[in-house]
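This briefing is meant to be read with the model open beside it. It goes from the overall make-up of the chain to single residues.

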Amino acid sequence: MTEPVVEPAPTIDVFALARAHGHIEGHIELARLARLAPLLAASGGAIDWRLTGAIDSRGRPAATLELHGTLVVKCDRCGLNLDLPIDSESSLWFVTSERELNAQPIEVGESEALLGSRHFSVAQLVEDELILAVPISPRHLHCRVAEESETELERYRPLAALAALKSRH
Ligand SMILES: [Zn+2]
């Protein structure tokens, strides 16, 4: 049996991408994302990503990261698998040093500051964004456990109706 070939994670020069208003896209096999793996119920499939560079309105090197795909997580209520569609777009901008990054105030609704690099790991960025996209307690929108407890209520409803009928007299 031969070992699967592990491709090196794509690295890019984010400053050059921003200056050129360029874009780069690809897809990452979920099985390669080791930090995300414990949050998933199944590691098959891939996520499509697209990074578009720009110089933002404040003159900073920036980018937009788009992600499309599906993660399979476990429903916290019934324990069965649940498809979590990922269809996101995040605004980022890049600083040149750790020091500059730490000096950035956290502004809600603002684009996220990241430490840029000429060898920036797209896989790591995609993995960070996916980890943030998984809810702390994922649940089916229409979970069968919730439906079962409704059926349970249904069973008691005739008794309640009878009680209401009796109290009228
Ligand atoms: Zn469920």
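What follows describes the fold, the sheet, the core and a few individual residues of a predicted model.

The protein chain has 169 residues, of which 29% count as buried, and its secondary structure comes to 4 helices and 7 strands. Read from the N terminus, the elements follow the order β-α-β-β-β-β-α-β-β-α-α. Among contacts between residues at least 6 apart in sequence, 58% join residues at least 24 apart.

**The sheet**

- An open sheet with mixed pairing is formed by 5 strands, which are arranged in the order β2-β3-β4-β5-β6.
- At its edges lie β2, covering residues 23-29, and β6, covering residues 112-115, each of which pairs on one side only.
- Neighbouring strands of this sheet are turned against each other by 30° on average when direction is ignored.
- In general, the strands of a sheet pair through backbone hydrogen bonds, and they do so in either a parallel or an antiparallel sense.

**Strand pairs and hairpins**

- Strand β3 (residues 46-55) pairs with strand β4 (residues 61-74) in the antiparallel sense over 8 bridges.
- Within this pairing, Thr 52 stands opposite Thr 64 in β4, and Asp 48 stands opposite His 68 in β4.
- The hairpin of β3 and β4 has 5 residues between the strands, and in this hairpin Gly 59 takes a positive phi near 80°.
- The pairing of β4 with β5 is likewise described as antiparallel and runs over 13 bridges, with Glu 89 in β5 as the bridge partner of Glu 66.
- The hairpin of β4 and β5 has 6 residues between the strands, and here Gly 79 takes a positive phi near 80°.

**The helix across the sheet and the nonpolar core**

- Helix α3, residues 122-133, lies across β2, β3, β4, β5 (81-95) and β6, and runs at about 55° to β4.
- The largest nonpolar core has 33 residues, and those with the most contacts inside it are Leu 51, Leu 71, Val 126 and Leu 130.
- At least two residues of this core are supplied by each of α1 (14-19), β3, β4, β5 and α3.
- Once its neighbours within four places in sequence are left aside, the residues in contact with Leu 51 include Ile 12, Leu 17, Ile 24, Leu 65, Leu 92 and Leu 125, and also Gly 22, His 23, Ala 63 and Thr 64.

**Aromatic rings**

- The count of aromatic pairs comes to 1.
- This pair is formed by Phe 94 and Phe 120 in an edge-to-face arrangement, with 5.5 Å from centre to centre and 75° between the planes.
- The pair links distant parts of the chain, since Phe 94 belongs to strand β5 and Phe 120 to strand β7 (residues 120-121), 26 residues apart.
- Phe 94 counts as buried because its relative accessible area is 2%, which is under the 20% cut-off.
- Phe 120 is also classed as buried, because its relative accessibility is 9%.
- Elsewhere, Arg 60 lies over the face of Trp 93, at 3.9 Å from the ring centre.

- His 21 is found in the loop between α1 and β2, and its phi is near 50°, a positive value in a residue other than glycine.
- For comparison, most residues other than glycine have a negative phi.
- His 21 counts as partly exposed because its relative accessibility is 49%.
- Asp 128 is found in helix α3 and counts as partly exposed because its relative accessibility is 32%.
- The C-alpha atoms of Asp 128 and Leu 36 are separated by 8.2 Å, although the two residues are 92 residues apart along the chain.
- Asn 102 has its place in helix α2, residues 98-102, and counts as exposed because its relative accessibility is 61%, which is over the 50% cut-off.
- Between the C-alpha atoms of Asn 102 and Leu 114, which are 12 residues apart along the chain, the separation is 9.9 Å.

How values were computed. Residues numbered from 1 in each chain as written. Predicted model: local features only at pLDDT ≥ 70, side-chain atom pairs only at ≥ 80, totals over all residues. Heavy atoms only, no water. Pairing = 2+ DSSP bridges. Axes fitted to C-alpha atoms, helices over the stretch in contact; angles between N-to-C directions. Contact = heavy atoms within 4.5 Å. Phe/Tyr/Trp six-rings, centres within 6.5 Å; stacked < 30°, edge-to-face > 60°. Buried < 20%, exposed > 50% of the residue type's maximum accessible area, 1.4 Å probe, protein only. Lys NZ or Arg CZ within 6 Å of the ring centre and 35° of its normal. Core = buried A, V, L, I, M, F, W, Y, C linked by side-chain atoms within 4.5 Å.
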